[in-house]
Amino acid sequence: MMSTLRGRPRAHPGPAPDGLVERLDAELRARAAREVARARAAHDQAQAAAAAKAARAELHYQSLGMDVGGIAAFHRILANEDAAARMALRQSTALPVRPREGMGLADDRDWIPGSDQHRCPYGITLHSAHAVRRAASARGSGNGWFGSGAQQAWETELWHFAWTPPETGWYTFRPVVAFRGTYIVQAADDFWTSKRAAVAVRFAMHHWQGTWKRDGRPDGGGTAWTRGGANLGECEGMDWEHVPRGDGIHPVPFAAGEPALVSVQLTLHAAARGEGSFAEISAAGDGGYLACRSLLGTYTGPPPLA
C-alpha cells in the first residue's frame, strides 16, 4: 500500500484568497481566547467548591482531636524541600534528551491509507517553516483535597495550510507535531494530601473551504504527548517529532479545484494541585521550539451518492 501512496501524484499547496488566512487566523485566536476564559471560569468555580469541602474536612478532623495545623506545617516543610529539589534539577548542567518511546521522524509510514484499495489515495504533504517558543507552568497550593489548591495554564499557537483538493471526496489529515524543550512534573502525594502534576501537548484541527467549515473543539481534539501523576519528580529534556493518531483525527469532505485551508491548533497545558506540586512544559529556551512541521493527508473516500 505504501508503494501505491508514493506512486500517486500529490496535491500541491494552493493560493489562499487575499485576506482569508488573516481573517481565519483572527477568528481562531479570538475563539481560543474565549475557550481559555471559559475554562478558567469553570476552573475557578470548581476550586471554590473544592476549597469549601476541604475547609469542612479540616474542621471535622479538628473536632476529632487531630492537630490539623501541625500536620499542615509539616507538609509545608516537605513542600519547601520539594521546591529545593526542583531547583537542583533545573540547575543540572545537562538534561538528558529522551524521545518518547515509539516517537521518531515522520514519513510515509505514518499516513492513513484509503480504506479500500480500489479508491484513489492521493497523498498530500503540506509544509510549514513556522515555529514558536512557548511555555506553560502551574504551581499547586494547600493539601489538594477534593481537587482544591489547583492551578492550570495554557499556551496556544496556530498553523495554517492552504491547498487545492485534486478530487472531490473525503480527506483525512494529521499534523506532524515537533517539540524541543523540557518538562517538569513534581508531586509528592501521601495519606494526608492529594497532590498531582501533569503536562501535555494537545492539538485541534480546523477545516475550511468557501463558506463551509468544521472547527475542532478542545473536547474533540487530541493529545500528541502527556505526562503526569500523583507521585513523581521529573525534569527532562525532550526532542521529538510525532504524528498523532486516534482522537481529533476525522475525515472531512472537500470539493475539487476550490482553494481550501486546514489549520492546526497546538496547545501547551500544565496543571498542578497541592502545595509543593509543580508542572511546567517549556519550548522557550535556547534552541527550543514548538511546531507543526507538516500536514499529512490522504484521500480516504469518494463523495456520497446523491
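Author: Cys235 is buried, at a relative accessible area of 9%, where buried means under 20%, exposed over 50% and partly exposed in between, with a 1.4 Å probe and protein chains only. Cys292 also counts as buried, at 0% relative accessibility.

Reader: How many disulfides are there?

Author: The count comes to zero, a disulfide being a pair of cysteine sulfur atoms within 2.5 Å.

Reader: What should I know about the model itself?

Author: This is a predicted model, in which local features need pLDDT of at least 70 and side-chain atom pairs count only at pLDDT 80 or more, while totals for chains, interfaces and linings use all residues. Residues are numbered from 1 along each chain as its sequence is written, and side-chain values use heavy atoms, with hydrogens and water left out.

Reader: Turning to strand β6, which strands pair with β6 in the antiparallel sense?

Author: β6 pairs in that sense with β11 (residues 260–273) over 14 bridges, with β8 (residues 222–229) over seven bridges and with β7 (residues 212–214) over three bridges. Two strands pair if DSSP finds at least two bridges between them; strands are DSSP runs of E, at least two residues, numbered from the N terminus.

Reader: Which residues stand opposite each other there?

Author: Among them, His206 stands opposite Ser263 in β11, Phe203 opposite Gly222 in β8, and Gln209 opposite Trp212 in β7. In the hairpin of β6 and β7, two residues lie between the strands, and Gly210 takes a positive phi near 60 degrees.

Reader: Why is β6 largely enclosed by the rest of the structure?

Author: Eleven of its 14 residues are buried, so β6 is largely enclosed.

Reader: And His207, buried or exposed?

Author: His207, which lies in β6 (residues 196–209), is buried, with a relative accessible area of 5%. Not counting residues up to four places away in sequence, His207 touches Phe173, Trp212, Lys213, Arg214, Val252, Phe254, Leu261 and Val262; contact means heavy atoms within 4.5 Å.

Reader: Which residues touch the most other members of the largest nonpolar core?

Author: Of its 46 residues, those are Trp159, Trp163, Phe173, Phe179, Val201 and Leu290. Strand β5 (residues 169–188) gives the most to this core, with eight residues. Another core, of seven residues, lies apart from it, including Leu20 and Leu261. A nonpolar core is a set of buried Ala, Val, Leu, Ile, Met, Phe, Trp, Tyr and Cys residues joined through side-chain atoms within 4.5 Å.

Definitions and conventions. Helices (H or I, at least four residues) and strands (E, at least two) are DSSP runs, numbered from the N terminus.
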